[in-house]
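Here are a few friendly notes to read alongside the model.

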Amino acid sequence: MIAAARCIVARDLLLALRRRSDVATALLFFVIVASLFPLGVGAEPNLLRAIAPGVIWVAALLSSMLSLGRLFAADHADGTLEQMLLGAAPVGIVAAAKVLAHWLVSGLPLVAIAPLIALQYDLPAPLYGTLVLSLLLGTPVLSLIGAVGAALTLGLRGGGVLLSLLVLPLYVPVLIFGAGSVDMAAAGLSPQGQLQLLAAMLVASAAFAPWAIAAALRISTE
Amino acid sequence: MSAAIKWFWFASPQTFFPLAGTIARACWLGSALLAAAGLYVGFFVAPTDAQQGEAYRVIFIHVPAAWMSMFLYVLMAFWAALGLAFNTRLSGMMASALAPTGALFTFIALWTGALWGRPTWGAYWVWDARLTSELILLFLYLGFMALQAAIDDPRRADRAGALLAIVGVVNVPIIYYSVQWWNTLHQGASVSLMRSPSMASTMLSGMLLMALAFWLYSIAAALTRVRCIIRERE
């Protein structure tokens with residue numbers, strides 16, 4: 001079971017390594033969206049400092065959603081996905097492994113580059129730790145919830161737009177606590193409460209989402 | 001075993017179809033009568049509010065609509081779960097028949113809330129916890145309907161929609177509390193089972209009459225819609 005999961009993660013990572021441009025596109029999207037806000041609202045440093053956590057989190061949300069379409073699409077198109085569902089490993093494990101690989105190539109680079117965006121927004125340096133930690137806890141939740149939507153919309157016409165309609169409302173709590181933790185730290189208070197709630201969401205979604213993804217995959221491929 | 005067979009007797013669309021028609025007709029009539037009574041009490045009997053004047057009378061539409069919007073989502077998820085568990089066709093049909101009515105009540109609650117907020121808060125829209133979570137509830141309804149509309153095979157549409165409704169219903173309390181935690185301006189609930197209501201009894205009775213009328217309307221609309229779906233599919 002663990003071997004199957006490790007095998008899927010390694011395979012997906014290898015595939016992502018062979019097609020580096022896909023990974024780069026989602027990351028670039030994150031950077032571009034975050035860069036558009038100062039152009040739209042003006043470059044007043046106090047304003048930028050105030051909106052930075054929200055902007056970075058919304059950009060992360062959109063970027064993570066954008067890359068969800070690719071999560072199962074290629075495997076579905078060439079029939080690999082059906083073989084995985086028929087295989088001996090539990091589908092929940094397969095789903096969890098695929099989500100983990102997806103997060104490693106789309107979520108983790110985003111967490112790594114976020115301090116750079118924070119620098120552009122002149123966010124005070126002590127807040128970087130909170131920002132990175134909140135993204136580190138929050139982006140896997142986005143991948144897990146988003147994967148349920150990706151599995152449900154597999155092979156549908158207009159799948160991308162539909163996916164955003166399904167998934168974005170469910171992202172709201174992560175956005176609130178993620179951006180809230182950085183705001184809290186900026187106000188000089190302890191962000192521990194929000195970070196713990198994010199961690200709780202991560203644990204809960206890691207426990208339940210794989211089985212929901214498995215059910216959705218079965219519905220979509222039957 | 002015989003009890004179980006009777007229980008599932010009406011789970012077949014063919015046997016349910018005439019029953020749905022009978023219940024729907026009774027509920028249309030009942031909802032019209034109750035709505036007339038509720039509106040009469042609301043507009044002519046209930047006293048004018050000391051602080052808000054006549055503007056508060058939108059409560060007779062707003063609060064029952066908000067109740068229904070939340071209750072119908074739970075009901076929809078219940079039918080969806082039943083459909084996944086027992087693999088009955090009718091359950092999925094019921095879930096998809098309830099969704100438009102739920103979305104309608106969510107929209108009415110938001111719309112009347114905006115009209116109420118203008119004279120009392122001075123703004124049509126504020127980013128308050130309840131308003132925001134009601135808006136997100138509307139998005140959840142719309143997502144459910146959009147997903148079902150995008151899938152051509154009705155069985156797959158039912159099952160996919162059912163899973164989405166269940167994921168949604170698990171998330172609704174989380175969304176509600178997170179948004180509430182984020183910001184709050186809306187007044188607390190006016191009616192509670194635990195303590196005596198903080199409003200005149202005529203106001204309360206008008207509101208409960210309207211709530212009952214909306215209940216019957218929802219039943220009637222959902223059953224009428226389910227009859228259309230049965231005709232379409234079977």
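1. Although B:Asn87 is not a glycine, its phi is positive, about 60°.

2. A word on conventions. This is a predicted model, in which local features need pLDDT of at least 70, side-chain atom pairs count only at pLDDT 80 or more, and totals for chains, interfaces and linings use all residues. Residues are numbered from 1 along each chain as its sequence is written, while chains are lettered from A and ligands numbered from 1 in the order in which they are written.

3. In chain A, please look at A:Asp122, in the loop between α6 (91–120) and α7 (127–152). A:Asp122 is not a glycine, yet its phi is positive, near 60°. With 12 other C-beta atoms within 10 Å, A:Asp122 is exposed.

4. Between the chains, the axes of α9 (residues 192–221) of chain A and α6 (residues 154–182) of chain B come within 10 Å and cross at roughly 165°. Axes here are lines fitted to C-alpha atoms over the stretch in contact, with angles from 0 to 180 degrees between N-to-C directions. The pair α9(A) and α6(B) is therefore roughly antiparallel (an angle over 145 degrees).

Notes:
Helices (H or I, at least four residues) and strands (E, at least two) are DSSP runs, numbered from the N terminus. A residue is buried if 20 or more other C-beta atoms lie within 10 Å of its own, exposed if 12 or fewer, and partly exposed in between; C-beta atoms are placed from the backbone. Angles under 35 degrees count as roughly parallel, over 145 as roughly antiparallel, 65 to 115 as roughly perpendicular and the rest as oblique.
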